[in-house]
Amino acid sequence: MYKSLIRPVLFRFDPEKIHHFTFSTIRFLNSIPGMPSLLKSMYEVNDPKLEREVFGLKFKNPVGLAAGLDKDAKLYKELGNLGFGFIEIGTLTPKPQDGNPKKRLFRLREDSGLINRMGFNNGGVAAAVERLKKNPAGKGHVLIGGNIGKNKVTPNEDAVSDYEICFDALYDYVDYFVVNVSSPNTPNLRELQDKEPLTQLLQTLQDKNQTKPVQKPILLKIAPDLTDSQLLDIIDIVKTTKIAGVIATNTTISREGLISENQKEMGGLSGKPLTKRSTEVIRFLSEKSNKAFPIIGVGGIHSADDAIEKLEAGASLVQLYTGFIYEGPGLIKAINKRLLAKK
C-alpha cells in the first residue's frame, strides 16, 4: 500500500516539506488511543531469535534507523512503534544551527536515491536532551544512539570541545554514541577523518568516557569514499583508542552511474547507488581487522536481501534511511522476517 498509494502522493511534493508533514502525521496517528499498539502489531516482529548483543547492549532486533531522519529526537518513541530495534538521533551540535540554505534535499527517483546538503541543521543538544528525558528505561524502552558533530562556525582545531559538550549533555540519555566526522555538508569536517586529528578526538572522548561510572559505547561513522589505506588507518585507530565499533557508511560524494536529473546537485548521496560500496567497506573492515570490532552496516538497504548481504559481509547490525523513505516501514518487518526464516 505504501509504494502503490502513499509514496506516489508524497513524492509529488518538496522532499523537506514532506519530511515535516510525515513527522506530523506519524505523531498524530500515535496520539490516537490504541494506534501505537496497532502499529506495533502491524510492523513489529518479536522473537528472541532476532535479539543481538553488540558492544554490551541487547538489541531486540538488528534493524535500526540511521541518524538524519530524527535529528532532534522529536519522534523516536513513535518511530520505535514501527518495528525498529534501535533509533539513532542527530547529528546534534552544541548550539542550534539552521544548516545550509534551502533547497537542500533532492530525490533521485530513477536511481532510488537522495542527495542532501542539510548541513547539520538541528535545534542544539540541550533541546534534544529535554525530549530524551521522556524516554523511560524498562519495558518498551527504545535503544537510542546519539550522533554528535561540531557546529559549522567551530574551526577544526577547536572541534574536540564541541564533541565533548555533546557527549557530556547526552551521556545520561543515550545508550551509545556516534562520532560523525564524515558528513560532506559541513566545510572541512571530513579533514577530521585524517589519522592524527581523529585519533586525538576519539581518545579524548574515550578518556572522558572512562571517568563515568558506566562507559557508553562510542562508535565512529565513516565515509564510503575512503581509500583502502585510509580504511587501514581506521582499523588502527579503533585498536588504539579502543572505541566500540564503526558505522559504515555515511553518504558519498561520488556520482558514478547516476541517471536522474538531480545527479549534479552538491551534497551527500544515499540510497541504492551506495549499496555496493558500503558493503565493500564493511567487508574490507571485517576481513582486514579479523572481525576485531562490531560494524553497523548502512547504505543502500532497500530490500531484505540488501540487509542480509551486509550482515554476511561482516555487519552485526544494520540501519535504514533512504530505503525506509522509498520502501516504507514494511521493509523493517521484511528484513526481520527474512532473518527468522534463515534461522
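I count two residues as in contact when they have heavy atoms within 4.5 Å of each other. I take helices (H or I, at least four residues) and strands (E, at least two) as DSSP runs, numbered from the N terminus.

The model I looked at is predicted, so I noted that local features need pLDDT of at least 70 and side-chain atom pairs count only at pLDDT 80 or more, while totals for chains, interfaces and linings use all residues. Residues are numbered from 1 along each chain as its sequence is written, and side-chain values use heavy atoms, with hydrogens and water left out.

Whole chain. I looked up the secondary structure and found 12 helices and 13 strands. The radius of gyration (taken over C-alpha atoms) is 19 Å, close to the 20 Å that the globule rule (2.2 Å times the number of residues to the power 0.38) gives for 343 residues, so the chain is as compact as a globular protein of that length. Along the principal axes, the C-alpha atoms fill a box of roughly 50 × 45 × 40 Å.

Barrel. I followed eight strands that close into a barrel in the order β3-β4-β7-β8-β9-β10-β12-β13, with parallel pairing, where two strands pair if DSSP finds at least two bridges between them. Within this sheet, neighbouring strands are turned by 25 degrees against each other on average, direction ignored. I then picked out β4 (residues 86–92) and β7 (residues 143–148), which pair in the parallel sense over five bridges, and noted that Glu88 has Gly145 in β7 as its bridge partner.

Helices α5 and α6. I found α5 (residues 125–132) packed on α6 (residues 159–170) at an angle of about 15 degrees, with the axes 10 Å apart; axes are lines fitted to C-alpha atoms, for helices over the stretch in contact, and angles run from 0 to 180 degrees between N-to-C directions. That angle makes α5 roughly parallel to α6, a term for angles under 35 degrees. At their contact, Val125, Val129 and Leu132 in α5 meet Cys166, Ala169 and Leu170 in α6, and the residues divide into six nonpolar, no polar and no charged. Here Ala, Val, Leu, Ile, Met, Phe, Trp, Tyr, Cys and Pro count as nonpolar, Asp, Glu, Lys and Arg as charged, and the others, Gly among them, as polar.

Helices α6 and α7. I saw that the axes of α6 and α7 (residues 195–210) come within 10 Å and cross at roughly 30 degrees, and the two helices are therefore roughly parallel to each other. In this contact, the α6 residues include Tyr163 and Phe167, and those of α7 include Leu201 and Lys208; the contact divides into five nonpolar, three polar and three charged residues.

Terms used
Angles under 35 degrees count as roughly parallel, over 145 as roughly antiparallel, 65 to 115 as roughly perpendicular and the rest as oblique.
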